[in-house]
Amino acid sequence: MKSNFFSISIIVFSFLFIGCSNNETASDYGRLKVQLTDAPFPHDLVSEANVTIFKVDARYKGNMDLDTQANDSTDVTVETDKGKPFIVLMENEVQVNLLELTNGVTKTLVDIDVPVGSYDLIRVYVKGINVVLTDGTTFNLDVPSGSQSGIKVFIKPELMVNGGLSSDLLLDFDVSKSFVQKSGGFNFKPVIKASNLSTAGTLMGTITAVEQDTIVGVEGAQVAVFIADTLNTTTFSELWLY
């Protein structure tokens with residue numbers, strides 16, 4: 001038995017060296033790969049928690065002239081919002097049952113070249129949110145601004161992408177807080193946190209209790225991690241049989 005941290009982890013910015021053409025250099029672009037994963041949702045009556053992601057973009061704060069650099073050879077699409085450039089990372093509908101992406105299972109969302117520089121904000125656009133109970137009952141949920149302006153996830157400190165190097169960003173989607181049970185259904189209030197994997201680690205352990213003089217693993221125990229007095233993340237323990 002071990003505990004895993006909740007995450008609909010969008011493991012972002014896995015940048016690999018590639019060659020560029022049309023007078024572009026290797027230091028101008030890196031390879032971007034976005035993957036999706038999750039940890040168990042602590043609700044025995046729920047069989048599916050579905051989200052359709054149809055667009056992902058990132059706010060660019062580098063110094064490149066994107067109007068001249070974005071071209072067919074790099075497949076880079078640049079949009080402007082309130083004077084700030086955003087790199088479009090993906091514009092395809094991908095429906096995901098978050099409860100299937102557990103224990104290291106991932107789904108790739110993005111594999112694209114992006115300009116080097118710093119990125120301080122990711123926006124995830126979603127629709128088609130629903131929860132399906134084990135008895136087949138389905139609850140369709142409203143998406144507060146998620147389909148129009150996207151779910152905004154700030155990156156602090158900013159993620160720096162260097163040419164020819166790798167940089168990974170993990171988006172932790174707290175499913176237990178995002179799908180809130182209410183009388184007669186659920187509310188969708190997305191809670192996502194960005195973590196730079198170059199400065200992050202993994203915490204694992206066992207949670208036990210004594211039952212009739214026997215030490216047993218505990219399933220469903222809530223685990224919280226604090227940094228100083230600030231709650232950093234929470235999860236629930238799973239039961240592993242060996």
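Colleague: Is strand β14 mostly covered or mostly open?
Modeller: Strand β14, residues 192–196, is mostly covered, and four of its five residues are buried. Buried means under 20% relative accessible area, exposed means over 50%, and partly exposed lies in between, with a 1.4 Å probe and protein chains only. Strands are DSSP runs of E with at least two residues, helices are runs of H or I with at least four, and both are numbered from the N terminus.

Colleague: What should I know about the model itself?
Modeller: The model is predicted, so local features need pLDDT of at least 70 and side-chain atom pairs count only at pLDDT 80 or more, while totals for chains, interfaces and linings use all residues. Residues are numbered from 1 along each chain as its sequence is written, and side-chain values use heavy atoms, with hydrogens and water left out.

Colleague: Which way does β11 run against β14?
Modeller: Strand β11, residues 169–173, is antiparallel to β14, and five bridges join them. Two strands pair if DSSP finds at least two bridges between them. D172 has K193 in β14 as its bridge partner.

Colleague: And what lies between β10 and β11?
Modeller: A loop, and G163 is in it; β10 covers 151–161. G163 counts as partly exposed because its relative accessibility is 33%.

Colleague: How are β12 and β13 arranged?
Modeller: β12 (residues 179–182) and β13 (residues 185–188) pair in the antiparallel sense over four bridges. K182 stands opposite G185 in β13. The two strands form a hairpin with two residues between them, and G184 in the turn has a positive phi of about 85 degrees.

Colleague: How many aromatic pairs are there?
Modeller: The count is four. The F179 and F188 rings form a tilted pair, because their centres are 5.3 Å apart and their planes meet at 55 degrees. Rings of Phe, Tyr and Trp (its six-membered ring) pair if their centres lie within 6.5 Å; planes under 30 degrees apart count as stacked, over 60 as edge-to-face and the rest as tilted.

Colleague: Are F179 and F188 buried or exposed?
Modeller: F179 is buried, at 2% relative accessible area. F188 is also buried, at 5%.

Colleague: Where does the charged end of K55 sit?
Modeller: It sits over the ring of Y125, 5.1 Å from the ring centre. Likewise, the charged end of K127 sits over the ring of F54, 5.4 Å from its centre. The rule requires NZ of Lys or CZ of Arg within 6 Å of the ring centre and within 35 degrees of the ring normal.
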